[in-house]
Amino acid sequence: MKKETFKQTIIIGFISILGVILVIGGYIFSDAVSRANQAETESSKEKVTLVKNVPTEKELSSKKAAPKVKQISTSETAKDTTAPTITAPEETIEQNAPVDIFEDVTANDNKDGDITAKLATTETVDTSVVGTQTVHFSVTDSSGNQAAAEKTFHIVAKSEPIAEPQVEEPVSTPADTTQAAATSAPTVQAEPAYAPMTITMAGQTVSYQNGGQGSGQSIIDSNPAGVASTWGGAAVQSSDDGQNTHFIGHNPGAFSTVFSLSVGSQIVVTDANGTPTTYTVRTMLELDDYGEEVGTGRNYWDLIVGTGGGERISLQSCVNDDINLFAIAYK
């Protein structure tokens with residue numbers, strides 16, 4: 001009996017200890033779970049806060065850099081396709097009379113303005129033949145637009161002088177005849193004489209040589225104050241070849257007089273035989289060494305050194321080391 005009671009006491013004590021252990025373990029487990037839940041709650045709050053600080057897709061798209069847009073100028077969107085206009089009125093000329101085929105022929109462009117100086121033709125008029133002749137002109141503006149026109153020349157026979165009825169003259173004595181001859185004889189003004197190969201302008205005469213592009217520069221460099229030379233165009237000056245002759249001369253020096261010229265000025269040029277030809281200045285230009293006009297950038301290289309454009313001359317003298325003055329004159 002005592003053994004049974006002792007065994008029961010041990011079992012009850014063991015159960016009591018186990019219950020205490022379970023109670024303590026349950027408390028510890030409950031506390032741990034509570035702490036874990038609290039930590040998870042705080043972590044979730046932090047995550048939510050972090051998510052709130054992240055920009056939305058709409059905000060991200062609004063913050064993207066705007067693409068660069070090229071600004072297109074008017075000149076890029078609206079190319080000039082309008083051709084120039086040429087005015088070429090008909091002209092009536094008496095047989096064998098001199099003629100300037102470019103007279104009264106003008107060219108205008110909607111952007112470049114007056115481009116008469118760019119008119120070109122390869123044709124001429126033979127005034128010795130009575131009838132109708134046509135000369136075709138062309139011009140190109142700075143955008144490459146071309147225009148063409150024709151001018152009609154009517155060559156008419158030279159008018160014959162009208163014969164006046166003869167009037168019977170009174171008989172006069174020798175004394176009367178001598179006195180009448182002395183008082184009525186008209187004064188004949190002799191034409192000025194010109195030396196061969198000279199250029200006369202603004203009252204000054206300058207000698208020139210037919211040097212062409214091969215020797216023209218060295219000719220004027222050897223005598224800056226006394227001589228000019230051909231360079232572009234036709235290397236040999238001729239008044240009836242229908243071509244342009246380009247002359248060069250130094251300033252200060254032989255071509256200082258070029259600066260006294262203006263539109264309408266007359267220039268007399270003689271060839272190797274001394275035959276004089278009068279040219280009238282139609283255009284004055286300031287161009288750089290590449291033929292581009294100061295201020296506009298238009299290129300006149302072909303006009304000043306080319307052979308086309310009819311019977312004419314181009315005189316060039318330097319303004320400074322980079323700029324040149326040109327006088328374009330037509331027969």
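**View 1. Lining of the largest pocket.** Seven nonpolar, five polar and eight charged residues make up the lining of the largest pocket (nonpolar: Ala, Val, Leu, Ile, Met, Phe, Trp, Tyr, Cys and Pro; charged: Asp, Glu, Lys and Arg; polar: the others, Gly among them). The model is predicted, with local features requiring pLDDT of at least 70 and side-chain atom pairs pLDDT 80 or more, while totals for chains, interfaces and linings use all residues. Residues are numbered from 1 along each chain as its sequence is written, and side-chain values use heavy atoms, without hydrogens and water. The volume of the largest pocket is about 440 Å³. Of the 20 lining residues, Val-99, Ile-101, Val-125, Glu-311 and Lys-331 are the closest to the pocket centre. A pocket is an open set of points on a 1 Å grid over the protein atoms alone where a 1.4 Å probe fits, with protein on both sides within 12 Å along at least five of seven lines; lining residues have an atom within 4 Å of a point. Grid points are joined across faces, edges and corners, and the volume is the space filled by probe spheres set on them.

**View 2. The cis peptide bond at Pro-252.** The bond from Asn-251 to Pro-252 has omega near 0°. Pro-252 belongs to the loop between strand S10 (244-248) and strand S11 (266-270) (strands: DSSP runs of E, at least two residues, numbered from the N terminus).

**View 3. Positive phi at Asp-104.** Asp-104, a residue other than glycine, has phi near 70°. Asp-104 is placed in the loop between strand S2 (91-94) and strand S3 (106-109). With 54% relative accessibility, Asp-104 is exposed (over 50% relative accessible area, 1.4 Å probe, protein chains only).

Key. Helix = DSSP H or I, 4+ residues; strand = E, 2+ residues; numbered from the N terminus. Buried < 20%, exposed > 50% of the residue type's maximum accessible area, 1.4 Å probe, protein only.
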